[in-house]
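User: I would like a close look at a single part of this model. Please place it in its surroundings and then go on to the rest of the chain.

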Amino acid sequence: MSWFGELAAIGSSETGWNRLAWSPLEAEARAWFMRTAESIGLRVQQDGAGSLWAVTEDADRGPWVCAGSHLDTQPNGGAYDGALGVVSALVATAALVEQGSPRRHPLAVVAFVDEEGARFRTPTFASLAITGRLDVDHVLEVMGDAPAIYHVTRDSLLASRSQLERIRCFLEVHVEQGRSLIDRGLALGIADVLAPRQRWRVEFDGEANHAGTTAMAGRRDALLTAARFVLAVDEVARARAGAVGTVGKIEISPGSTNSIPGHVAASLDVRALERETVTSMVDELRGRFGEAVFGLESSNDGARFDDDLRGRLAEAAASRGVTAGDLPSYAGHDAGILAPHVPSAMLFVRNPTGASHTPAESASEADCLAACQVLCDALAASLAAG
């Protein structure tokens, strides 16, 4: 817990944690990671995307059994998101190294860079880079010289794809982003799927006019249609089990208190456990709002996590008497990006508040330690596997 406290002291304030990616505070957290990893005998190296990998001395012996998460936060974010996964991986690795546990593979702890994407809308930046799914030229145009803080360049990003070959498997501990575990009386959740999602920009046209002199009967208020759209998104999502829909941003033009809105652009985020459900939600909304212009901004088909790794986590929890169960995740994670390419799994820790990306997110010391123990056992089994 002292390690967690040391990391939590970096970037903390009265309003939350602010270790934004590519910033001096994230760089301070990275320096802490390097010191801590080296103190337990690991050798730290940086890949072309800027992520840090702390590896046992036999790093060249073959692909690595990996665990970790990220160090960056949302603006005024929480202490646990990302940090808990990094600290848990360090604690588990320290125990395995100290015990001299036999291993057939090297062991590595990773601190991914820019998982949150808070500054430049570049979430899961590093895992997308090493899997070859990052639009390198686009993100560098958006980010300017920010990546230079870690000496990341276009050439290094393209070269980072070779890092994927070094990963044998990946496990990530994460604070739960919801209340499912506490409502079910479980300490830990073993992720089974990462929910597919789509993000759209939806535009509505009307006619801008004077707010006082235009009679109600003659108005074409674009915001009224957009408001009905917001209600429809809520209705469509509630009609499907396991689905969620959100309009989180609205742009209004002209945007004056004295003008009728003539144009509105709204964001649309839809997620569900099945890709077909996501598609059907969007199709229904497009059918209801035929005059609106729908533009797809991003799409993710989700992921299914590796059954063998999930089994090792479940077996470890059972052997230690820790309550655990399956848990789908509706948020984006580096483990989800890696899952279609290398065996990956996630272990969620009960969050009494259910809050996420805010200072209110939390986890008990007992649950955090239980996650470290379960992760340690799962890593030991993975290191011994052929």
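Where does Gln163 lie, and between which elements?

Analyst: Gln163 sits in a loop, with helix H6 (154-159) on one side and strand S7 (167-175) on the other. Helices (H or I, at least four residues) and strands (E, at least two) are DSSP runs, numbered from the N terminus.

Two points on the basis first. This is a predicted model, in which local features need pLDDT of at least 70, side-chain atom pairs count only at pLDDT 80 or more, and totals for chains, interfaces and linings use all residues. Residues are numbered from 1 along each chain as its sequence is written, and side-chain values use heavy atoms, leaving out hydrogens and water.

Gln163 is buried, at 5% relative accessibility. Buried means under 20% relative accessible area, exposed over 50%, and partly exposed in between (1.4 Å probe, protein chains only). Beyond its neighbours within four places in sequence, Gln163 contacts Asp47, Trp53, Trp64 and Ile130. A contact means heavy atoms within 4.5 Å.

One of those partners, Trp53, leads on to the aromatic pairs. There are 11 of them. Rings of Phe, Tyr and Trp (its six-membered ring) pair if their centres lie within 6.5 Å; planes under 30 degrees apart count as stacked, over 60 as edge-to-face, and the rest as tilted. Trp53 pairs edge-to-face with Phe112, at 5.7 Å centre to centre and 80° between the planes. Trp53 belongs to strand S4 (residues 52-55) and Phe112 to strand S6 (residues 107-112), so the pair ties together parts 59 residues apart in sequence. Trp53 is buried, with a relative accessible area of 1%. Phe112 is buried too, also at 1%.

Another ring contact involves a charge. Arg30 lies over the face of Tyr150, 3.7 Å from the ring centre. The rule is NZ of Lys or CZ of Arg within 6 Å of the ring centre and within 35 degrees of the ring normal.

Next, helix H3. H3 (residues 83-99) has 17 residues and spans 24 Å from first C-alpha to last, close to the 24 Å expected. That expected span is 1.5 Å times one less than the number of residues. Of its 17 residues, 12 are buried, so H3 is largely enclosed by the rest of the structure. Among the buried ones are Leu84, Val87, Leu90 and Leu96. Just after H3, Gly100 has a positive phi of about 65°.

Now Val202, in strand S9 (residues 197-205). Val202 is buried, at 0% relative accessibility. Leaving out residues up to four places away in sequence, Val202 touches Phe229, Val264, Ala265, Ala266, Leu268, Ala292, Val293 and Phe294. Phe229 and Phe294 also belong to an aromatic cluster with Trp200, Phe204 and Phe289. C-alpha to C-alpha, Val202 is 39 Å from Ala67, and 135 residues separate them in sequence.

Last, the whole chain. The protein chain has 12 helices and 18 strands. Its radius of gyration is 23 Å, close to the 21 Å that the globule rule gives for 386 residues, so it is as compact as a globular protein of that length. The radius is taken over C-alpha atoms, and the rule is 2.2 Å times the number of residues to the power 0.38. Of the 386 residues, 52% count as buried. Among contacts with a separation of 6 or more, 78% join residues 24 or more positions apart.
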